[in-house]
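Trainee: I am new to this structure. Can you show me how to read burial, ring pairs and pockets?

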Amino acid sequence: MVYTSRYSNPELKSGKYTAVRISLGTPKWPIGYSLDAEMKDLMPFGLLNKFEQYEDFERAYFDRLNQKGVQRILAQLQRFERIGKDVVLLCYEDIRKPDDWCHRRTFADWWMKQTGEEIPELFDPTPDPSKARQGSSKRCSQTPPTTFQLEQLALF
């Protein structure tokens with residue numbers, strides 16, 4: 001099985017996955033697991049921050065993926081799957097945040113259109129940043145202190 005995810009997903013520390021970098025760089029912080037491989041064919045060389053609209057990026061990235069072709073990409077994925085673990089294609093973005101997107105999901109969309117096979121996002125056990133906090137905090141649930149109006153009195 002092939003998934004996509006972000007480097008910060010703690011599920012990856014379980015050791016159950018072959019971690020494959022598809023980002024242009026590697027994390028500069030300790031991620032708690034090893035990166036097993038990279039797929040340069042999926043890296044968005046020269047495309048990030050080039051377009052104002054996502055649709056323009058998608059078109060350019062799809063063109064690049066079409067040039068590489070399904071068979072070439074499939075052969076790479078199958079090589080990683082032969083290791084015996086599920087494969088996770090990794091980059092940085094937490095796409096659970098509203099209006100965030102990532103080329104890893106753009107690749108997954110292209111793959112679905114080309115092959116009919118879904119590449120899901122790996123479950124992320126961290127709290128979803130797009131959802132409001134559940135329940136009220138202790139501070140908000142306390143009754144506010146009572147205030148009194150004071151009147152100044154003159155003694156003389």
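Trainee: Is tyrosine 3 buried or exposed?

Mentor: This is a predicted model, and burial is read from relative accessible area, where under 20% means buried. Tyrosine 3 has 19% relative accessibility, so it counts as buried. Tyrosine 17 is also buried, because its relative accessible area is 11%.

Trainee: How many aromatic pairs are there?

Mentor: Rings pair if their centres lie within 6.5 Å. The count comes to 10 aromatic pairs. In one of them, the ring centres of tyrosine 3 and tyrosine 17 are 6.5 Å apart. Their planes stand at 90°, so this pair is edge-to-face. The pair links distant parts of the chain: tyrosine 3 sits in strand β1, tyrosine 17 in strand β2, 14 residues apart.

Trainee: Why is the pair of phenylalanine 107 and tryptophan 111 tilted?

Mentor: Planes over 60 degrees apart count as edge-to-face, under 30 as stacked, and the rest as tilted. Here the planes are at 40°, so the pair is tilted, with ring centres 5.8 Å apart. Both residues lie in helix α3 (residues 103-115), four residues apart, which means about one helical turn separates them. Phenylalanine 107 is buried at 0% relative accessibility. Tryptophan 111 is buried too, at 3%.

Trainee: Which residues do ring pairs link into a cluster?

Mentor: Tyr54, Phe57, Tyr61 and Trp101.

Trainee: What lines the largest pocket?

Mentor: Trp101 is part of the lining, along with residues including Ser23, Leu48, Tyr92 and His103. By class, the lining has six nonpolar, three polar and one charged residues. The pocket's volume is about 160 Å³.

Conventions: Residues numbered from 1 in each chain as written. Predicted model: local features only at pLDDT ≥ 70, side-chain atom pairs only at ≥ 80, totals over all residues. Heavy atoms only, no water. 1 Å grid on protein atoms, 1.4 Å probe; cavity = no way out; pocket = protein on both sides within 12 Å on 5 of 7 lines; lining within 4 Å. Points joined across faces, edges and corners; volume = space filled by probe spheres on them. Nonpolar A, V, L, I, M, F, W, Y, C, P; charged D, E, K, R; others polar. Phe/Tyr/Trp six-rings, centres within 6.5 Å; stacked < 30°, edge-to-face > 60°. Helix = DSSP H or I, 4+ residues; strand = E, 2+ residues; numbered from the N terminus. Buried < 20%, exposed > 50% of the residue type's maximum accessible area, 1.4 Å probe, protein only.
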